[in-house]
Amino acid sequence: MSIDRGKDRAEGSSESPSDQPATPSRYESQKRRDWNTFGQYLNNQRPPVSLSQCTSNHVLEFLRYLDQFGKTKVHLQGCIFYGQPEPPAPCTCPLRQAWGSLDALIGRLRAAYEENGGTPETNPFASSAIRVYLREVKECQAKARGIPYKKKKKKASQGAADDESSSMMRFS
C-alpha cells in the first residue's frame, strides 16, 4: 500500500522541483540583508555616498559604526579584568562587534559587491586596509580577553617555497 501512495503522490504532482521558487540559503539571505544595510548606511551619510564613490575608508567607518550594536565585552587596558577570558564580575568596558562577526560580514559584503556589478579590482571590502583593521581587531580582542590566537601552520605538502614565504610573513 505505501508504494501505491508514494506513486500516486509523484504522479499527481504537476510541479517539478525547478518550477518552485528556490528559497535562498541562510548565507544568501544574510548577504542580501548586509548589502542592504551597507547601502542604507551610505545613503544616510551627509552627503550621501554612491556605491561608485565608496572606498575602504567608508567601509572602516561602517565597521566602527557597527561596534555600538556589539555584544562582545572588550576590556580596556586599564580594566582589572583585562586579559581574563572569564572575569568574575561585571565592569564598565564597552561592548563591541566580535572579530569573527566582522570577518564574516566583510566576506559577505565582498561577495555581494561583485555580484552587484563591482569589479574585484575596485572592491573596497577586499582592500589591504580592511585586512589590517580586521587583524588589529582580532589581536586587540584576543589580548583583552586573554585568548592567544596562533597562526595555523601551513601543510608540509605545499612545498618548501611556501614554507619560506610563511616564515618571512611572521616577522612583518
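**Exercise 1. Is Gln97 buried or exposed, and what is its relative accessibility?**

Solution. The model is predicted, local features need a pLDDT of at least 70, side-chain atom pairs count only at pLDDT 80 or more, and totals for chains, interfaces and linings use all residues. Residues are numbered from 1 along each chain as its sequence is written, and side-chain values use heavy atoms, with hydrogens and water left out.

Step 1. Apply the classes: buried is under 20% relative accessible area, exposed is over 50%, and partly exposed is in between, with a 1.4 Å probe and protein chains only.
Step 2. Gln97 has 16% relative accessibility and therefore counts as buried.
Step 3. Locate the residue: Gln97 sits in the loop between β2 and α4. Helices (H or I, at least four residues) and strands (E, at least two) are DSSP runs, numbered from the N terminus.
Step 4. List the partners, where contact means heavy atoms within 4.5 Å. Beyond neighbours within four places in sequence, Gln97 contacts Leu66, Asp67, Phe69, Gly70, Leu102 and Gln141.

**Exercise 2. Describe the second largest pocket and its lining.**

Step 1. The volume of the second largest pocket is about 250 Å³. A volume is the space filled by probe spheres set on the points, which are joined across faces, edges and corners.
Step 2. Gln97 is one of the lining residues, and others include Arg33, Asp34, Phe62, Leu66, Leu102 and Arg108.
Step 3. Assign elements: α2 (26-43), α3 (56-66) and α4 (99-115) each give at least two residues to this lining.
Step 4. Sort by class: the lining holds five nonpolar, four polar and three charged residues. Here Ala, Val, Leu, Ile, Met, Phe, Trp, Tyr, Cys and Pro are nonpolar, Asp, Glu, Lys and Arg are charged, and the others, Gly among them, are polar.

**Exercise 3. Work out which residues of α3 are buried and what they pack against.**

Solution. Step 1. The buried residues of α3 are Ser56, His58, Val59, Leu60, Phe62, Leu63 and Leu66.
Step 1. These buried residues pack against α2, α4 and α5 (128-145).
Step 2. Look at α5: Ser128 lies in this helix, and at 45% relative accessibility Ser128 is partly exposed. Ser128 and Ser56 are 72 residues apart in sequence, and their C-alpha atoms are 8.7 Å apart.
Step 3. Check the loop between α2 and α3, which holds Pro47. The peptide bond from Arg46 to Pro47 is cis, with omega near -5°.

**Exercise 4. Examine His75 and Cys79 in the loop between β1 and β2.**

Solution. Step 1. His75 lies between β1 (72-73) and β2 (95-96) and is buried, with a relative accessible area of 5%.
Step 1. Setting aside neighbours within four places in sequence, the contacts of His75 are Phe81, Tyr82, Gln84, Pro87, Cys91, Cys93 and Ala144.
Step 2. Cys79 is in the loop between β1 and β2 as well, and at 16% relative accessibility Cys79 counts as buried.
Step 3. Cys79 touches Cys91 and Cys93, not counting residues up to four places away. From Cys79 to Cys93 the C-alpha distance is 7.4 Å, at 14 residues apart in sequence.

**Exercise 5. Decide where the coordinates should not be read in detail.**

Solution. Step 1. The chain averages a pLDDT of 81, and 73% of residues score at least 70; pLDDT is the predictor's confidence in each residue, from 0 to 100.
Step 1. Confidence is highest in α3, at a mean of 97, and lowest in helix α6 (residues 160-170), at 39.
Step 2. Residues 1-16 have a pLDDT below 50, with two contacts beyond near neighbours in sequence. Residues 158-172 are also below 50, with five such contacts.
Step 3. Where pLDDT is low, the predicted coordinates should not be read in detail.

Notes: 1 Å grid on protein atoms, 1.4 Å probe; cavity = no way out; pocket = protein on both sides within 12 Å on 5 of 7 lines; lining within 4 Å.
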